[in-house]
Amino acid sequence: MTDYRTFLGEYDGKPMRIMEVCGTHTAAISHCGIPSLLSPKIELISGPGCPVCVTVTEYIDRLVALSLESNTVVATFGDMIRVPGTSKSLQDARADGAKFRMVYSPLDLIKLAREETDKTFVFAAVGFETTIAVYASLLDELIAQGIRNVKLLTSLKTMPLVIDWVCRSKSGIDGFLAPGHVSVITGSDLFAPIAKEHTIPFAVAGFEGEQILVALYALVKLINAHEGRVMNMYPSVVTAEGNKTAQKLIAKYFESSDAAWRGMGVIPRSGMKLRAEYEAYDAGSENLYSDRGHNAQCRCAKVITGAEKPSACPLFGSVCTPQTPQGACMVSSEGSCHSYFANRRR
Amino acid sequence: MPGKVISVGGTKAIVDFSGNRMEAQAGLVKVKPGDSVLVHAGCILQVLAQEEADSLSDLMAELQNI
């Protein structure tokens, strides 16, 4: 077998830019020190796959407003608590009486809702296909158990069309490290039409350092061979067709919709929303499209699209740190800016 | 990090992560005790295939010829 580590370190062919789409990949790449193992001719660019980072400020503002309503409690993964809206984050709003709980899983709401029937719990339902499957499971349980005091504020995104947007934006990306956990649900075939149309390769990767290196090796080979196809380098959990049970459950509760992305605006049919028959579980997710950060110099929008590296932002590491985040990319551990700062990448 | 299924009851399973045991939703994939599983936000998404090593070897051999 080829020593792929040597190959990647000594590569001296044409320069290439490879985008890791998934935020968990961004974090793993930094954590494992992968950039230091690559030839200078191979540049890694972080893409729009951190769900918190691509969420627009109007959604955060709505979440804050809900947390201030009487008998309403916002439940969320931890990252969302510190993401700044137009003027404040959930954490900032605590002084005004904001009520929120951090949970490990959306399914934790079943116990909370049963124990505190006088409250309505609103889950901050952001995420991609992987997490949409979990929200579908939650809805299944809520309906089966007759629980009515849980709602979702949705800002759900799907992968194919945003990657297509990146391909059309003349970003100069030569290949994509495809998201492993999204692919578990959707199947690796999801990316095949884009790979073919743009003649650009995809390699589905796991999240261990060796798994990422193997996928990068595949990409460098495929880019040089001008092959627009998908290679599944994470075969232990990813199949070509994905998890059909999860896909059916998602389709039962959600339908395709337009979605607003920080830095990219509204991309038609790039998201999902609750189907009309389940609108009783919606906390007012329609038309949350506006995006106005509270610091005008924040470059999150350019970082998310791969147009700039975090270190190019004038706020990076000075005004903007994980303790004082000015944009979502510095809040989430999956955010590019947080990852660059915590691992001293430049 | 994959976990190992300890027990299954209805749509719930107890999964062990290096000694930490947690309840996970098991409605999206069929699991049985002993399975290595991928869990995301409290939900089992997939059972890890045992033949991964063989598949990867085939893929790497294919890449060498590109």
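Tutor: Happy to. Let's begin with how chain A is held together: among its contacts between residues at least 6 apart in sequence, 77% join residues at least 24 apart. Keep in mind that this is a predicted model. Buried residues account for 55% of the 346 residues in chain A. A compact globule with 346 residues would have a radius of gyration near 20 Å, and chain A agrees, because its own value is 20 Å. Along the principal axes, its C-alpha atoms fill a box of roughly 65 × 45 × 30 Å. The secondary structure of chain A comprises 14 helices and 11 strands.

Now to the sheet. In chain A, 6 strands build an open sheet with mixed pairing, and their order is E4-E3-E5-E6-E11-E10. Its edges are strand E4 (100–102) and strand E10 (254–261) of chain A, each of which pairs on one side only. From one strand to the next, the twist averages 25°.

Strand E3 (residues 72–76) of chain A runs parallel to E4(A), and 3 bridges join the two. Here you can find A:Ala75 standing opposite A:Arg101 in E4(A). Helix H3 (residues 57–67) of chain A packs on the sheet, where this helix touches E3, E4, strand E5 (120–127) and strand E6 (150–157) of chain A. The direction of H3 makes about 135° with that of E3(A).

Finally, a glance at the neighbouring chain: the contact between the two takes 29 residues from chain A and 21 residues from chain B. On the chain B side, H1(B) gives the most, with 7 residues.

Definitions and conventions:
Residues are numbered from 1 along each chain as its sequence is written. Chains are lettered from A and ligands numbered from 1 in the order in which they are written. This is a predicted model: local features need pLDDT of at least 70, side-chain atom pairs count only at pLDDT 80 or more; totals for chains, interfaces and linings use all residues. Two residues are in contact if their C-beta atoms, placed from the backbone, lie within 7 Å. Helices (H or I, at least four residues) and strands (E, at least two) are DSSP runs, numbered from the N terminus. The radius of gyration is taken over C-alpha atoms; the globule rule is 2.2 Å times the number of residues to the power 0.38. A residue is buried if 20 or more other C-beta atoms lie within 10 Å of its own, exposed if 12 or fewer, and partly exposed in between; C-beta atoms are placed from the backbone. Two strands pair if DSSP finds at least two bridges between them. Axes are lines fitted to C-alpha atoms, for helices over the stretch in contact, and angles run from 0 to 180 degrees between N-to-C directions.
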